[in-house]
Amino acid sequence: MGLSISDAGDAPSVLRVDIVIDRLSPVPAKRQLANALRKMIADGELPVDEETQKMRLPSIHALITETGLALNTVRGAFDLLRQDGLIVTVPGRGTFVL
């Protein structure tokens with residue numbers, strides 16, 4: 001899997017996630033990212049945390065590095081998933097799928 005962002009070129013992905021953000025789309029970037037993460041959750045493509053046995057999302061900072069999106073955009077995507085009851089963030093531990 002790789003990660004690509006339109007108009008930004010392709011770069012190797014250290015997260016091994018397949019997220020495409022179309023910066024020219026009328027759909028906000030935070031919603032595009034939330035939809036991509038939602039699909040990864042549904043397809044079981046996220047790694048499972050050994051301790052909790054729950055799927056774990058990449059950190060916000062890792063997603064910023066990989067996608068080139070702003071901090072508030074990635075936080076907004078996480079907020080959308082949280083509002084849908086899909087994820088929970090445990091301070092100091094990470095963000096997990098419910």
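The side chain of threonine 67 reaches the backbone oxygen of leucine 63 at 2.6 Å, and the side chain of threonine 67 also reaches the backbone nitrogen of leucine 69, here at 3.1 Å. These values come from a predicted model.

**Threonine 67**
- Threonine 67 is part of helix H2, and its relative accessible area is 2%.
- Because buried means under 20% relative accessible area, threonine 67 with its 2% counts as buried.

**Helix H1**
- Helix H1 runs over residues 29–42, and its 14 residues reach 20 Å from the first C-alpha to the last, which is close to the 20 Å expected at 1.5 Å a residue.
- The buried residues of H1 are Gln32, Leu33, Ala34, Ala36, Leu37, Met40 and Ile41.
- An α-helix has 3.6 residues a turn, so residues three or four places apart point the same way.
- Among the elements that cover the buried residues of H1 are helix H2 (60–67) and helix H3 (71–83), together with strands S3 (20–21), S4 (87–90) and S5 (94–97).
- Just after H1, glycine 44 takes a positive phi of about 70°.

**Arginine 82**
- Arginine 82 lies in helix H3 and is partly exposed, with a relative accessible area of 34%.
- The side chain of arginine 82 makes a polar contact with the side chain of aspartate 79 at 2.7 Å.
- Leaving aside residues up to four places away in sequence, arginine 82 touches Ile87 and Thr89.
- Arginine 82 and threonine 95 are 13 residues apart along the chain, and their C-alpha atoms are separated by 9.8 Å.

Terms used
Residues numbered from 1 in each chain as written. Predicted model: local features only at pLDDT ≥ 70, side-chain atom pairs only at ≥ 80, totals over all residues. Heavy atoms only, no water. Helix = DSSP H or I, 4+ residues; strand = E, 2+ residues; numbered from the N terminus. Expected span 1.5 Å × (residues − 1). Buried < 20%, exposed > 50% of the residue type's maximum accessible area, 1.4 Å probe, protein only. Contact = heavy atoms within 4.5 Å. Polar contact = N/O pair within 3.5 Å; in protein donor to acceptor, adjacent residues only side chain to side chain.
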